[in-house]
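Here are my notes on this one, as numbered points. Have the model open next to you while you read.

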2 protein chains.
Amino acid sequence: MDKKRKALLNAKAEVLKALSHPTRLYMVEELARGEKCVCKFNEQIDADFSTISKHLSVLKQAGIVRDEKRGKRVFYTLEVPCVLGFMGCVETVLKSRIEAQTKIMKQ
Amino acid sequence: MDKKRKALLNAKAEVLKALSHPTRLYMVEELARGEKCVCKFNEQIDADFSTISKHLSVLKQAGIVRDEKRGKRVFYTLEVPCVLGFMGCVETVLKSRIEAQTKIMKQ
DNA sequence: TCATCATTTGGTTATTATGCCAAATGTGCA
DNA sequence: TGCACATTTGGCATAATAACCAAATGATGA
């Protein structure tokens, strides 16, 4: 495998890894409906401030969201809305998993 | 957040996590071009047999691939081709990341 | 300037993931 | 049956992640 492909695979994997946490996925889904300040997430998510802040920072590092400070607050925006398109397919995976399970149980 | 949504988020995150490793991403991309036996991956990927086998098993657990034993060999197939659709978007993320970097460097 | 609010950063610990080696399993063939 | 090949499983060391608490930063308004 050439270096270029390896580098690209690493970069893609990094983006996917950023999305592969339930809390971060929740954040992305919520941000799809519009920008949100960290304080809102603090209300909605049952975890320490610092934990929430770190999750947002992972998404930001990955290039999925953007942040903007306005006054005391920080607002996050979904920078790449197409990630939502993923979810349709992910759900397809889930469905096919359920079907496979059903098959096994019928045996 | 209700239990149902939480469970769905967990399940989705699990699928994404399975995809978020360069070696596994490579496997998925290769399988998109048709089924492949483990032996082929052993030739192409510079890692121990056991490591490769475990990566394939992660993809299988997640419901992304399917395996089929034929003779001595095991063949893997991409069960949910739509995952490739992800990649277009992931590349968009990468591009927007590069743009952001460029912006920073121009400052 | 000082206190306060919102958020991030640093540090620690527990959990999980990765990758290798060695051993086990399963299949076909002599 | 017994050997050789292909793959998986178990075990272990190391690395990466996640969550919490405490402390630091940055902005506002008294």
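1. Start with A:Lys12 and B:Glu91, whose side chains meet in a salt bridge at 3.2 Å, N to O. By salt bridge I mean a side-chain nitrogen of Lys or Arg within 4 Å of a carboxyl oxygen of Asp or Glu. Across the interface of chain B and chain A, the rule finds 8 salt bridges. The general idea is simple: side chains of opposite charge can pair when their charged atoms come close.

2. A word on what you are looking at: this is a predicted model, where local features need pLDDT of at least 70, side-chain atom pairs count only at pLDDT 80 or more, and totals for chains, interfaces and linings use all residues. Residues are numbered from 1 along each chain as its sequence is written, chains are lettered from A and ligands numbered from 1 in the order in which they are written, and side-chain values use heavy atoms, with hydrogens and water left out.

3. Another pair to look up is A:Arg5 with B:Glu29, a salt bridge of 3.1 Å, N to O. This pair crosses between chains, going from helix 1 of chain A to helix 2 of chain B. The cut-offs are under 20% relative accessible area for buried, over 50% for exposed, and partly exposed in between, with a 1.4 Å probe and protein chains only.

4. Which residues are linked in a network of salt bridges? They are A:Arg5, A:Lys12, B:Glu29, B:Glu30, B:Arg33, B:Lys36 and B:Glu91. So both pairs described above belong to this network.

5. Now the interface as a whole. On chain B, 38 residues are in contact with 38 residues of chain A, contact meaning heavy atoms within 4.5 Å. The area buried between the two chains is about 3,300 Å², and carbon and sulfur atoms give 71% of that. Buried area here is the accessible area (1.4 Å probe) that two parts lose on being put together, summed over both. B:Lys12, B:Leu16 and B:Arg97 supply 18% of what chain B buries against chain A, more than any other three residues.

6. The interface of chain B and chain A also has 8 residue pairs in polar contact, both residues at pLDDT 80 or more. A polar contact is a pair of N or O atoms within 3.5 Å; within protein, one must be able to donate a hydrogen and the other to accept it, and residues adjacent in sequence count only if both atoms are side-chain atoms. Helix 1 (3–19), helix 2 (22–31) and helix 5 (83–106) of chain B each give at least two residues to the side that touches chain A. Helix 1 of chain B has the largest share, with 12 residues. By class, that side has 22 nonpolar, 7 polar and 9 charged residues. Here Ala, Val, Leu, Ile, Met, Phe, Trp, Tyr, Cys and Pro count as nonpolar, Asp, Glu, Lys and Arg as charged, and the others, Gly among them, as polar.

7. Helix 2 of chain B is mostly covered, with 9 of its 10 residues buried; among them are B:Arg24, B:Tyr26 and B:Glu30. In helix 1 of chain A, the buried residues include A:Leu9, A:Lys12 and A:Leu16.

8. Within chain A, find A:His55 in helix 4 (residues 49–62). Is A:His55 buried or exposed? It counts as buried, because its relative accessibility is 11%. Its side chain makes a polar contact of 3.0 Å with that of A:Arg24. Leaving aside neighbours within four places in sequence, A:His55 is in contact with A:His21, A:Thr23, A:Arg24 and A:Met27.

9. Finally, a salt bridge inside chain B: the side chains of B:Arg70 and B:Glu35 meet at 2.6 Å, N to O. The pair links distant parts of the chain, 35 residues apart, with B:Arg70 in strand 2 (residues 65–70) and B:Glu35 in the loop between helix 2 and strand 1 (36–37). B:Arg70 is partly exposed at 36% relative accessible area, and B:Glu35 is partly exposed at 38%.

Technical notes: Helices (H or I, at least four residues) and strands (E, at least two) are DSSP runs, numbered from the N terminus.
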